[in-house]
Amino acid sequence: MNSVKKAFQELVRYPSAIAGLVSVFLLFALAAYAMIAIPYSQALLLWRGGEDVWYQNPKFAAPSWFNYFAKVKQPVSFVMDETSAGAEKVVEVGEQNTSRINITYTFDFSYDAFPQEILLYFDANYKEKQPFVSIYWLTPDERKIRISDFGVDSRQTFRISQDEKLVRRLSGLEPMQGLFVGEDGKTPLKGIYKLVIEGITFEEGSDINAEFVFHGTVYGLFGTDHQRRDLVVPMLWGAPVALAFGLIASLGTSVLTMIIAALGAWYGGWVDALIQRITEVNLVLPFFSILIMVGTFYSRSTWVILGTTVLLSIFTGGIKVYRSIFMQVKESTYIEAARAYGTSASRIIFVYMIPRMIPLLIPGVVSSVPAFVFLEATLAVLGLGDPVLPTWGRLINDAFTNGALYKGLYYWIMAPSILLMLSGLGFAMLGFALDRVFNPKLRDI
Amino acid sequence: MADITETTDSNLGAFLKKTSTSTFARIMRYGLSRLITLFITVVIGIYLTIMIANMGGYVDTIMRNEIRERITQSVLTNKAYQDMAPETRKKIAQDLILVEEKRLRLDVPVAVRSLNYLTSALKLELGRAQNMTSDNGSRTVRLILLERLPATLLLMGTSQLFLFFASVYFALSLSRNYGSWIDRLVIALSPTSAAPSWFYGVFFILIFAAVLKILPFGGMVDAPPPETKWGYSMSLIKHLILPVSALVISAFFISIYNWRTFFLIYSSEDYVEMAKAKGLSARDIERQYILRPTLPNIVTNFALLLISLWTGAIVTETIFLWPGLGITLYKAVGLFDIPVIVGSTIIFAYLLAITVFLLDFVYALVDPRVKVGG
């Protein structure tokens, strides 16, 4: 315990180690938060969800906090139903089972750009006679624009921008511009807008509800993608996936490499020769192409890829380093003593030889984590990522295939890249410092 | 790699040892023995590749399907059979398929057949692509791949050479100014090499193509390609800048750091102190007393670096739409074109082996132990 404490004290002398520790800690905190806030099954459902889950979100929306820094304030998306503040529903019962239902949505619009779309999701209940609605638009300068009127089905979506007649009424302007444009004819008019739905029902107990969905051009903490998905889900869930992949792969690789190197060094002869030859073959095996083959021919599951990665990474340069050290350890006197009193080979290897190497193992494990974290992202960028998991690499791939760089949707690529960089750099810096602590040879250089 | 070199040299070179003792012959002998071992290694590697690709019986299924389709088509369109009853025609087709499968030796056991595949794979004779065509319109896998080879070689060759010389130069000057702020900066930046080249590529495209608009997003030449030779090369260079910088930057700081460490270790040797005491010029000391003994280490280190650089090439090419082997592999994955996937894996194995061989050869040239035959 004392030596751990000493190593830790040694470690925090390096500023890069502190930075690394902090970012690794943040990453673990993010992963823990992700798993608590959005349980695994729910995350998968959300990530795989289509329009039915994400209809409330705009497409390609940048994060909302961009508005704090931008000169041109972009409209923020929101959703209202009858119970929200700013909504008002008045029901007047009339004669012959008819009733008038007036729903008014009041909202403040103080942005410099036009929104993407406004939708009304009607939910009416009736038996035979359809309710009828008229929709009006009240601007801050007290103009009243008739949007449309129609009989409502029990479930109906009304997209304001797709109403051809409205385009004509707005003298050819796109509805989203026509409804918001101010006197100058270019910029939107700021102020309080109202959307009024005047409905009539013709049956007893018949009712109309409408959900008001406003698709701005910015949304949430990380924005949305081409499928209206909230990028918070993959941004959060990328952390546990990346950590699990990186840590398991690097730990698995290092431990197996060490065991195999120890076996080779201990038994020598053909075992050692075989290990050497496998390492040579593995050197010319195109690691990545083989992963691609496994990904395309068998399975894209992260676990299969992880297993293959570990298998292919065991027989690399590391095995030679460990072997040469084990060769020295094998000759040391305490091993000779153990042999003399008849200890079994497995006990010598696993209890006497390998534990001595743990100080060497730790920096190795930590510094190879980034490579595996990025490997997962790389595979995802090639379209070989796990089809169900929301990951950072997946996000970059989606962004790239949807031309985010050409369209200027930089947020889509930057957010996952920054998190990838943070995790990569964190582990790399920590590994660097650990290497110096555990390998005194490097300390002075 | 030094380890491999020594063991194989003693194994294979033993019988050649007596023939000659001149330096040239020694290097040739070393090169030859390395070539033979590497070839054996490549053969085993490609055999493994085939086994992986065929483990689910994929290669067989492709071949069987192709035979079935070809023969059924030819029987259907053959005028001589047109008056026959459908059953008879079916029977004829079935028999022909069996004969064809026998001819292609699909009836022999997997172990024997895989050896047949191996020989054709070594020659890159992988038949026809399923969905892809080369720019010349050929569907032969070999042509599709060989057509792409020059682009990849240009990109990788440029970046590898640039990386090597730039980092050796910087490492030397840093070891001279050991402890200066620039030295510390490089040490601080060396963890950035954890990110692969495509990652930097994305940022470079973002900065230089999307925001500043001074360099192209990707591709190899302007469209339409310039007609003069000079214009063509200029356009090529313009398109090379970003991918080469991405490849170089991803390995730059870590290699400077590693090599600077080698230089520092060697510059504290006694014979360097001796040379200093004799009053030799700093240049001579650097060249003769520090660089010479470090070079074998550097070459070995560089070889390992290049192997990881090749791996990154696939995605870097994809990101930059560089028309090389990597993007071909990426497209083949998208189109599920199995012969092309297997073919590019094999060609990458060859390229890796050639890289290893060339560096081994350089190693032989710079390592006095090989020259003298230690």
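Me: What makes B:L325, B:G326, B:I327, B:T328, B:L329, B:Y330, B:A332 and B:V333 of α12(B) count as buried?

Reply: This is a predicted model, and the call rests on counting neighbours: a residue is buried if 20 or more other C-beta atoms lie within 10 Å of its own. Those residues of α12(B) are buried, so each of them meets that cut-off.

Me: Why is helix α12 (residues 325–335) of chain B called mostly covered?

Reply: Eight of its eleven residues are buried. The cover includes α9 of chain A, along with α6 (141–176), α11 and α13 (338–366) of chain B.

Me: Where is the kink in α11(B)?

Reply: At B:L291, shortly before the proline B:P293, and the angle is about 45°. That figure compares axes fitted to the seven residues ending there and the seven starting there.

Me: What follows α11(B), and what follows α12(B)?

Reply: After α11(B) comes B:L321, with a positive phi near 50°. After α12(B) comes B:F336, with a positive phi near 55°.

Me: How many residues does each chain put into the contact?

Reply: Chain A gives 40 residues and chain B gives 46. On the chain A side, α8 (269–284), α9 (287–297), α11 (317–331), α14 (358–381) and α17 (410–438) each supply at least two. That side divides into 28 nonpolar, ten polar and two charged residues.

Key: Residues are numbered from 1 along each chain as its sequence is written. Chains are lettered from A and ligands numbered from 1 in the order in which they are written. This is a predicted model: local features need pLDDT of at least 70, side-chain atom pairs count only at pLDDT 80 or more; totals for chains, interfaces and linings use all residues. Two residues are in contact if their C-beta atoms, placed from the backbone, lie within 7 Å. Helices (H or I, at least four residues) and strands (E, at least two) are DSSP runs, numbered from the N terminus. Ala, Val, Leu, Ile, Met, Phe, Trp, Tyr, Cys and Pro count as nonpolar, Asp, Glu, Lys and Arg as charged, and the others, Gly among them, as polar. A residue is buried if 20 or more other C-beta atoms lie within 10 Å of its own, exposed if 12 or fewer, and partly exposed in between; C-beta atoms are placed from the backbone.
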